[in-house]
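Let's take a walk through this one together, piece by piece.

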Amino acid sequence: MRILAAVMLLILFVGCDETLTIDFGGNTNVPEINHRVIVYPPFAEEYPTIRIEQVFREKNWLGPQKKGSCVHASMVMLFRWQEQYDLADRWRRTYSDGEWATNLAAKLDAEGVRYAYTSQKNDVSFLEWAVTTRRGCAVTVQGGAHMVILVHLDTERAGILDNNSPENIKWVPRGTFISEWKNSTSWAVTPVYSPPPPLPYSKR
Amino acid sequence: MKKLIALFLLCIVIFPAGLTEAASDGVITVQERIVTLPQDQATWYLSLFGDTNDPIFQELKAWFKTNEGLANLKKQVHYNEYTTDQVRYDRYAKSMPGLPCIRVQNGEGVVTSEHWKDNIPMSSKALFQGICGDLKDKTSWGCLRRRRNDRCNPQPQPQPEPQPEPPPDLPIGPPKIQPEPEPEPEAPGFPWGLTILSALIGGGVGFVQGYQTERMDKGEPKQGSL
């Protein structure tokens with residue numbers, strides 16, 4: 001009699017559990033049809049704007065004339081950012097040593113590269129254009145002795161990717177950077193191809 | 001005659017010089033230098049993501065060449081193709097809902113249309129209409145139309161007419177293969193009310209009968225018996 005009462009109590013309390021799993025046997029997997037919920041961030045999270053992947057960053061190298069190849073290293077990285085991988089590899093193999101604006105333009109022409117540049121005009125709008133179109137640009141610094149990549153430019157600061165230490169982005173106040181650039185022949189150059197799409201986000 | 005010769009010589013000297021100067025300024029199209037910078041900050045992005053060996057991905061790529069609407073759309077945006085074996089794909093891998101995927105973003109990066117995996121329409125025409133619909137009414141994006149799973153057999157079939165789009169707030173669910181079972185009628189509950197009523201009536205009848213019996217036993221005359 002007691003056993004019967006215990007069994008009846010157990011039966012009564014089975015339904016008190018929150019989940020009651022019933023195995024009917026066989027394959028009961030529900031086909032997954034596009035039920036993944038996508039939650040994009042509500043803001044653009046790319047910072048800097050031109051976020052060149054580490055594997056695409058090219059460290060400066062010495063050319064046959066024992067000069068640094070900062071201009072070409074910068075161009076190689078920009079080619080990769082704008083997804084001109086074959087051109088980037090060819091450029092890396094072909095060109096080295098120091099460079100002037102006109103000579104680089106001649107080389108770009110010879111290679112049939114679409115590009116844009118400004119030199120000795122203090123044209124800040126070129127920098128704005130290069131960053132807002134997400135292409136980035138190579139810019140002169142250190143009185144014109146060195147070239148780096150401008151990867152970000154907003155109202156407060158500039159992001160610099162230096163091919164001498166390409167692992168990190170260097171951040172400087174906007175005014176400081178522009179002032180240095182203007183005192184460095186204000187040369188800026190970039191390839192003009194489609195930039196990669198931004199990381200997705202949703203304003204909803 | 002001398003004037004003519006002088007003019008001829010002048011032309012020989014001037015023209016090549018002018019050509020050289022123009023070329024060095026990038027005015028002549030011999031150069032690739034872009035003089036007028038493309039103001040394409042607001043240009044939208046259309047990206048295809050997929051596995052190189054996936055035949056559906058290859059089919060999708062072909063649609064953007066063969067379908068007039070998609071090819072035209074492609075010309076107006078930044079168009080990119082990414083396969084899973086590319087380094088650049090890693091940049092977007094976390095945000096991939098499924099492969100293959102067609103993603104449209106505005107110039108700021110906001111996703112305005114996205115079709116992926118089973119959500120990809122079964123014809124290029126339907127895909128184009130789907131993207132157009134998403135761009136016209138952003139609220140409807142993601143609520144998609146026909147799915148590849150709707151194909152009942154792999155044999156080539158005539159393309160169906162475009163289906164009317166469902167309202168945006170329709171939930172996405174698996175295709176219905178069988179009609180939904182009709183809800184079973186609710187089992188009638190125990191008629192407590194009827195039982196109580198019967199008990200009350202029975203009790204009342206019994207009480208009255210007992211009372212009458214008692215009165216009869218006491219010799220009281222029945223009402224109306226006089």
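Predicted model: local features only at pLDDT ≥ 70, side-chain atom pairs only at ≥ 80, totals over all residues.

Strand β3 (residues 101-105) of chain B runs antiparallel to β1(B), and 5 bridges join the two. Here B:Y45 faces B:Q105 of β3(B). Is β1(B) enclosed or open to the outside? Of the 6 residues in this strand (residues 45-50), 5 are buried, so the strand is largely enclosed by the rest of the structure.

Now step back to the whole sheet of chain B. It is an open sheet of 4 strands in the order β2-β1-β3-β4, with mixed pairing. Which strands stand at the edges? They are β2 and β4 (111-116) of chain B; each has a single partner strand, so one side of each is left without a neighbour in the sheet. From one strand to the next, the twist averages 10 degrees. As for β4(B), it runs antiparallel to β3(B), with 5 bridges between them, and B:V104 has B:S113 in β4(B) as its bridge partner. Packed on this sheet is helix α2 (residues 55-66) of chain B, which touches β1, β2 and β3 of chain B and makes an angle of about 155 degrees with the direction of β1(B).

Over to chain A. Its secondary structure comes to 6 helices and 6 strands, and along the sequence they follow the pattern α-α-α-α-β-α-β-β-β-β-α-β. Of the 204 residues in chain A, 35% count as buried. If you take the contacts in chain A between residues at least 6 apart in sequence, 64% of them join residues at least 24 apart.

The strands of chain A make an open sheet too: 6 strands in the order β1-β6-β2-β3-β4-β5, with antiparallel pairing. At the edges are β1 (115-118) and β5 (169-173) of chain A, each pairing on one side only. The twist in this sheet averages 30 degrees from one strand to the next. To see one of the pairings up close, go to strand β4 (residues 157-161) of chain A, which is joined to the antiparallel β5(A) by 5 bridges. A:A158 has A:V172 as its bridge partner in β5(A).

Which strands does helix α5 (residues 124-132) of chain A touch? This helix packs on the sheet against β1, β2 (137-141), β3 (146-153) and β6 (188-191) of chain A, and its direction makes about 60 degrees with that of β3(A). Helix α6 (residues 174-182) of chain A lies across β2, β3, β4 and β5 of chain A, at about 95 degrees to β5(A).

Next, a pair of helices. The axes of α2(A) and helix α3 (residues 85-94) of chain A come within 8 Å and cross at roughly 165 degrees. Angles over 145 degrees count as roughly antiparallel, and that makes α2(A) roughly antiparallel to α3(A). The crossing of α2(A) and α3(A) is left-handed. The contact is made by A:H72, A:M75, A:V76, A:F79 and A:R80 from α2(A), and by A:Y85, A:L87, A:A88, A:W91 and A:R92 from α3(A). By class, the residues of this contact are 7 nonpolar, 1 polar and 2 charged.

One loop residue is worth a stop: A:K67, found between α1 (2-14) and α2 (70-81) of chain A. A residue counts as exposed with 12 or fewer other C-beta atoms within 10 Å, and A:K67 has 12, so A:K67 is exposed. Leaving aside residues up to four places away in sequence, A:K67 touches A:L62, A:D97 and A:G98. A:K67 and A:E99 are 32 residues apart in sequence, with their C-alpha atoms 9.7 Å apart in space.

Finally, see where the two chains meet. Chain A puts 32 residues into the contact and chain B puts in 30 residues. On the chain A side, α4 (101-111), β1 and α5 each supply at least two residues, and α4(A) gives the most, with 3 residues. Sorted by class, the side of chain A that touches chain B has 20 nonpolar, 6 polar and 6 charged residues.

Terms used
Residues numbered from 1 in each chain as written. Chains lettered and ligands numbered in written order. Pairing = 2+ DSSP bridges. Axes fitted to C-alpha atoms, helices over the stretch in contact; angles between N-to-C directions. Contact = placed C-beta atoms within 7 Å. Buried ≥ 20, exposed ≤ 12 C-beta atoms within 10 Å, placed from the backbone. Nonpolar A, V, L, I, M, F, W, Y, C, P; charged D, E, K, R; others polar. Parallel < 35°, antiparallel > 145°, perpendicular 65-115°, else oblique. Left-handed = near helix turned anticlockwise from the far one by under 90°.
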